[in-house]
Amino acid sequence: MSRKTWASVDDYIVDALFEADPALDAVLATNHDQGLPAIDVSPAQGKLLSLLVRIQGAKKILEIGTLGGYSTIWMARALPVGGKVVTLELDPHHATVARSNFERGGVSERVQLRVGPALQSLAALSTEDAGPFDLIFIDADKPNNPHYLSWAMRLSRPGTAIVCDNVIRDGAVLDDDGHDADVEGPRAAFSFIGSDKRLDGTAIQTVGAKGYDGFAIAIVD
Ligand code: SAH
Ligand code: DHB
Ligand code: MG
């Protein structure tokens, strides 16, 4: 089975199950025109995030790694009235594009975007007592994953769901030679989730439009 088949099956899933969504299509077109890397979640993954928001009954969401806000919009749209997403982004250009996408996606009122290194924004959120969040989506620089998980624990409550993207990386997660920081991040995420007694988690391998990767999902006890 090839990557091409995975991408075609993702198209099939979208055609069979999703309503046409010109606003979300326009977000991806804007991201491309503005030179953002095409590393947003896929449509099927975005829909999964929105279903998780609903399954969880989440009202307060924290996202680490905004890019152009594609995943943010999927999650924000699934919120009940009064729900909020706080999303953290390092790159000011990505943040500017994301803000315009939030307008276009009709979610500006529900999204607070904080620009700067996520570790600083997380410390500020903690100081401000901004938590606890109901759902936390970690999707920024992979080497910081264990630090993001650590902050996620401080900004959570029993029952908070934590989702971490890109933990399989074409199977590279098995490489234990310690040379690739982008692989060490996911490995550290596994050891964090595996060893923290308050976390009950799993990881699901995925194939699709973005190749072979996976999510880790955990609940705080
Ligand atoms: N969640 C997005 C994709 C995020 S891509 C989506 O699915 O649509 C990862 C993002 O994390 C990039 O925009 C990158 O600029 C940002 N990033 C990288 N390092 C960061 C850091 N230290 N703090 C905050 N954001 C960071
Ligand atoms: C990359 C980052 C992501 O968040 C992703 O989902 C896919 C790829 C990357 O940095 O290559
Ligand atoms: Mg990702």
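Colleague: Where is the place of P132?
Modeller: This is a predicted model, in which local features need pLDDT of at least 70, side-chain atom pairs count only at pLDDT 80 or more, and totals for chains, interfaces and linings use all residues. Residues are numbered from 1 along each chain as its sequence is written, chains are lettered from A and ligands numbered from 1 in the order in which they are written, and side-chain values use heavy atoms, with hydrogens and water left out. Helices (H or I, at least four residues) and strands (E, at least two) are DSSP runs, numbered from the N terminus. On that basis, P132 is in the loop between α6 (118–127) and β4.

Colleague: What is phi of D129?
Modeller: D129 is in the loop between α6 and β4. Most residues other than glycine have a negative phi. D129 is not a glycine, yet its phi has a positive value, near 60 degrees.

Colleague: How many residues apart are D139 and D165?
Modeller: D139 is in the loop between β4 (135–138) and α7 (145–154), whereas D165 belongs to strand β5 (residues 161–165). The pair links distant parts of the chain, with a separation of 26 residues.

Colleague: How many charged residues are in the shell around ligand 2?
Modeller: The residues around ligand 2 (a heavy atom within 4 Å) are I39, D139, K142, D165, N166, R169 and K210. By class (Ala, Val, Leu, Ile, Met, Phe, Trp, Tyr, Cys and Pro nonpolar; Asp, Glu, Lys and Arg charged; the others, Gly among them, polar), 1 is nonpolar and 1 is polar. The number that are charged is 5.

Colleague: What share of the area that ligand 2 exposes alone does the protein bury?
Modeller: Polar contacts (N or O pairs within 3.5 Å) to oxygen atoms of ligand 2 come from the side chains of D139 at 2.8 Å, N166 at 2.7 Å and K210 at 2.5 Å. Taken alone, ligand 2 exposes 290 Å² (Shrake-Rupley method, 1.4 Å probe), of which the protein buries 68%.

Colleague: What share of the area that ligand 1 exposes alone does the protein bury?
Modeller: Ligand 1 is surrounded by 21 residues, the closest being V41, G65, S71, E89 and H94. The side chain of S71 lies 2.8 Å from a nitrogen atom of ligand 1, and a polar backbone atom of L90 is 3.1 Å from a nitrogen atom of this ligand. Ligand 1 alone exposes 580 Å², and the protein buries 90%.

How values were computed. A polar contact is a pair of N or O atoms within 3.5 Å; within protein, one must be able to donate a hydrogen and the other to accept it, and residues adjacent in sequence count only if both atoms are side-chain atoms.
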